[in-house]
Amino acid sequence: YKDSSFVNKKLREVKTYWDRYLGHVNASTPDESFNAMINVWNQYQTAVTFDMARNAGYYHGGLLFGTGLRDQFQDILGMVIPEGGRVRHRILNALQYQFQDGSTLHNFFKLTGHGERTHHSDTPLWIPFGMIEYLNETGDFSILDEKIRFYDGDEATAYDHMVRALDFAISDTTERKLPKIRKGDWNDTLDHIGPKGKGETIWGAMFLCYVLDKTFELLNHRSDVDVEERWSNAYREIANTINSVAWDGQWYVRAFRDNGNVVGSDSKEQGKLFLNTQSWSVISGIAPDDRANSAISQCYENLENKTGMQICWPAYRKVEDDMGLISRCVPGKKENGAVFNHASAWFVLASIMNGKAEDAYRIYSKMIPFNSSRKVGLDRYDTEPYVYSEYVTSHEHETEGQASHSWLTGSSVWMYRIGLDWILGLRTSLKGITVDPHIPSHWNDVKVTRKFRGKILNVTITNPGGANQGVQQLLVNGQKINGSWINPGDYEGEIIDVKAILG
C-alpha cells in the first residue's frame, strides 16, 4: 500500500463492486427521498446487516449474544438479489444449528459452532421463510437436495430440514393448537408470559399460518401431496382457532399468559393494543374482511405517530412480572410503546394488502430517515439520518423523535423489500415475477430497473387516471399479455421491456 498505483487499483475495485451491487435495482419516482433510500442507502444498510448480523455495533452486545438464527433468515432478503451465491452458503450454514426434531438454537457463535437453545417460539419458522424467499429470487431448486448435518447428529436434505421446522412448530402447541410462547416470540421482551409452557402467542400463530401459506407453491411444485394436505389442514385449524378466541371486538389480542389471562385487550389499563397482531392478521390472510378493516383502522386511530406506527399502546408504566421485560423498558422507548421500525414496516405491508395504498405510503414516507430526522431536527434524532434505526421514541416520552440502535436492524431490509415488492410492485415467486404496483395517486410516471434470474427488466409504470393500484394493461416487449405475471425465461434476449398502465 506504499505504491499509489496499487492503492488506485484497489480503489477502482471497490468502486466496481459497489456499482455492480447497486446496479441490480434502480427506481425513479417523484419522491426523491424514496429514490435515495431504495437505490443506495437501503441496499447499503442491508449489505452491512448481512455481513455483521447483530454481532457488533454501537448498542448490541457483540460476542455476548452471538448470531441470531431469526436475524440470519431475514437479512438475506436484501443480499439475495445481487449475490444469491452468498445467500445459498448462508442458508446451508445456518441449517446446521437445527435439531433433528425441527427445533433450533436461537443464536450461535460462528467461531465455536455452539449456541443457545432458548425455545423462542418463532425461531424455527424463519428457516422455511428464508428458503422460500431464496427460491423465489433464484429458482435454484438444487439447494433443496443439499445434505446438512443436524446440530444433534444425523443429516438430511435442506428440504427435510424445512419440513421438520414447520412440523415442529405445528406440534409445539397447546391443547387449543396455538403456538406456545415459552421464552418469547419475535418480541423478545414478552419473556414472562409463558415460562410454564401454557402461554400462547397469537402473533406466532398468525406467523405460522403465513409461513405455511408461503410453502404451498413449493409443495405443489414438488407434488408433495401428503405434506401439502397436512399443512393445509393445520393452516385452517389454527386460523379458525385464532378467530374463535383472539378477537377482542375491535382488534386481535396479542397473547395469553400461562394462567389464561389475555394480553392486548381493550379491557386492560396498559398494553391494550399491539400493532403486530393487527398487521399479521392481514399478512397471514386469516382475518375476515370486516375484522381486517377494523384492526387496521384501530391502528391508524391509536398508534400513528409523527415518525411511524407505535408498537403498542398505551405504554406500560407499571411493572407486570407476568409480562416480562416490556413493562420494565422506558415508556415510549424500545418495545414499550416506541415507533419500532420493524413492526411499523410490517404494518405498511398489511395496510397495502388491506387496500389502503395512500395511507400506507404516508406511514412509509414518515419512516424514511431523511424525513423522520427532518421532522424533529438532527440534534433530537441523534442517529445517522440516512439509515434506519431500530426505534424512534414515541409521543409517550418527553424525548419524542429520538432514534436509537441504528444500522443493525431488520427494519432496513423489510422497508427495502416492501418498497420494491409492494409499492413498486415487483413481487417474486417460484414461477416468475408479478407486476402489481401500489403507489401514491399523484405519481404519474415511475421507472424501475430490476435484475432477475439473468434478465434485466426495464419497467415503466404509467398512471394517467391518478390511480394508486390496479394494473389495467400490461405489455411485455410491446405485446399485451393477460394477467400481471411474467416468466422472464419465456423471453429471448437479456433485456425485457415491461409497461404497466394503472387504472
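Okay, a definition to start: a residue is buried when its relative accessible area is under 20%. Keep that in mind, and remember that what we're looking at is a predicted model.

So, helix 3. Which residues of helix 3 are buried? Reading along, we have Leu69, Arg70, Asp71, Gln72 and Phe73, then Gln74, Asp75, Ile76, Leu77, Gly78 and Met79. Here's a bit of background for you: an α-helix has 3.6 residues a turn, so residues three or four places apart point the same way.

Okay, on to the empty space inside. Rolling a probe the size of a water molecule over the atoms shows where empty space is left. How many cavities of 30 Å³ or more does the count give? It gives 1. The largest cavity holds about 170 Å³ of space. It's lined by 21 residues, and the ones closest to its centre are His120, Ser121, Pro124, Phe168 and Asp172. Two elements give two or more residues to that lining: helix 6, at 158-171, and helix 7, at 202-221. Helix 7 gives the most, with 3 residues. And what is the lining made of, by class? You get 10 polar residues, 7 nonpolar and 4 charged.

Next up, aromatic rings. A pair of aromatic rings is described by the distance of the centres and the angle of the planes. This model has 33 aromatic pairs. Let me show you two.

Pair one is tryptophan 18 with tyrosine 44. The ring centres are 5.1 Å apart and the planes sit at 65°; anything over 60 counts as edge-to-face, so that's what this pair is.

Pair two is tryptophan 186 with tryptophan 346. Here the centres are 5.0 Å apart with 55° between the planes, and the pair is tilted. This one also links distant parts of the chain, 160 residues apart: tryptophan 186 is in the loop between helix 6 and strand 7 (200-201), and tryptophan 346 is in helix 11 (residues 341-353). Tryptophan 186 and tryptophan 346 are both buried. They also belong to a cluster linked by ring pairs, along with Trp126, Phe129, Trp203, Phe207, Tyr210, Trp280, Phe340 and Trp414.

Arginine 427 lies over the face of tryptophan 422, 3.9 Å from the ring centre. Then there's lysine 431, whose charged end sits over the ring of tryptophan 485, 5.0 Å from its centre.

Last topic: cysteines. A disulfide is a covalent bond between the sulfur atoms of two cysteines. How many disulfides does the structure hold? The number is 0. Take cysteine 209: the nearest cysteine sulfur belongs to cysteine 299, and it's 19 Å away. Cysteine 209 has 0% relative accessibility, so it counts as buried. Cysteine 299 is in no disulfide either, and for that one the nearest cysteine sulfur is on cysteine 312, 11 Å away. Cysteine 299 is at 0% relative accessibility, so it's buried as well.

Key
Residues are numbered from 1 along each chain as its sequence is written. This is a predicted model: local features need pLDDT of at least 70, side-chain atom pairs count only at pLDDT 80 or more; totals for chains, interfaces and linings use all residues. Side-chain values use heavy atoms; hydrogens and water are left out. On a 1 Å grid over the protein atoms alone, a cavity is a set of points where a 1.4 Å probe fits but cannot get out, and a pocket is an open set with protein on both sides within 12 Å along at least five of seven lines; lining residues have an atom within 4 Å of a point. Grid points are joined across faces, edges and corners, and a volume is the space filled by probe spheres set on the points. Helices (H or I, at least four residues) and strands (E, at least two) are DSSP runs, numbered from the N terminus. Ala, Val, Leu, Ile, Met, Phe, Trp, Tyr, Cys and Pro count as nonpolar, Asp, Glu, Lys and Arg as charged, and the others, Gly among them, as polar. Rings of Phe, Tyr and Trp (its six-membered ring) pair if their centres lie within 6.5 Å; planes under 30 degrees apart count as stacked, over 60 as edge-to-face and the rest as tilted. Buried means under 20% relative accessible area, exposed over 50%, partly exposed in between (1.4 Å probe, protein chains only). A charge sits over a ring if NZ of Lys or CZ of Arg is within 6 Å of the ring centre and within 35 degrees of the ring normal. A disulfide is a pair of cysteine sulfur atoms within 2.5 Å.
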